[in-house]
Amino acid sequence: MGKKFIILALVLAIGIMVTMRLTKAAAEETAPAAGKAANLKYYYIVAQACAFGIGIAAFGGALGQGRGISSAVEAIGRNPGAGGQIQTAMIIGLALIESLVIYTLVTVLILLFVNPFGLTGQIFVDRCPSY
């Protein structure tokens, strides 16, 4: 278990570093003007946070769905007569787990495209540390 966890942590760390590099490179390529550096900084930080958040949500959702299906299959194997009821409960549970991942996706899209906090210009530069 320890070796698998270390490999997973390394892959996650490398993925985060690559994502940070790519978002910074993409932000620098599409930088409109020097006066809009604060907007660029906002989207750079939000892109990193959104990538990290959706990754955690997808990972947690996949783990939950895997454990739910595993438990349902074991229960059906122990009591085949209750298979229909177990399957119904499993499908409802999977739908609820997936809805949490979809809520995260909607939140990420709002943060990326709407800028709900209005953090632009000098206000954002004053509130955030420099990178």
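The lining of the largest pocket has nine nonpolar, four polar and no charged residues. In this count Ala, Val, Leu, Ile, Met, Phe, Trp, Tyr, Cys and Pro are nonpolar, Asp, Glu, Lys and Arg are charged, and the others, Gly among them, are polar. This is a predicted model, where local features need pLDDT of at least 70 and side-chain atom pairs count only at pLDDT 80 or more, while totals for chains, interfaces and linings use all residues. Residues are numbered from 1 along each chain as its sequence is written, and side-chain values use heavy atoms, with hydrogens and water left out.

About 270 Å³ of space lies in this largest pocket. A pocket here is an open set of points on a 1 Å grid over the protein atoms alone, where a 1.4 Å probe fits, with protein on both sides within 12 Å along at least five of seven lines; its lining residues have an atom within 4 Å of a point. The volume is the space filled by probe spheres set on the points, which are joined across faces, edges and corners. Of the 13 lining residues, Leu12, Ile16, Phe52, Gly55 and Ile56 lie nearest the centre. Helix H1 (2–29) and helix H2 (37–78) are the elements that give two or more residues to this lining, and H1 gives the most, with seven.

Now step back to the whole chain. Its secondary structure comes to four helices and zero strands, in the pattern α-α-α-α along the sequence. Helices (H or I, at least four residues) and strands (E, at least two) are DSSP runs, numbered from the N terminus. Of the chain's 131 residues, 16% count as buried; buried means under 20% relative accessible area, exposed over 50%, and partly exposed in between (1.4 Å probe, protein chains only).

Glycine 55, in helix H2, is partly exposed because its relative accessible area is 38%. Glycine 55 and leucine 12 are 43 residues apart in sequence, with 9.4 Å between their C-alpha atoms. Alanine 49 also belongs to helix H2, and counts as partly exposed because its relative accessibility is 49%. From alanine 49 to valine 108 there are 59 residues in sequence and 8.7 Å from C-alpha to C-alpha. Isoleucine 91 sits in helix H3, and 9.0 Å separates its C-alpha from that of isoleucine 69, 22 residues away in sequence.

Finally, look at valine 114, in the loop between helix H3 (83–113) and helix H4 (121–127). Valine 114 counts as exposed because its relative accessibility is 55%.
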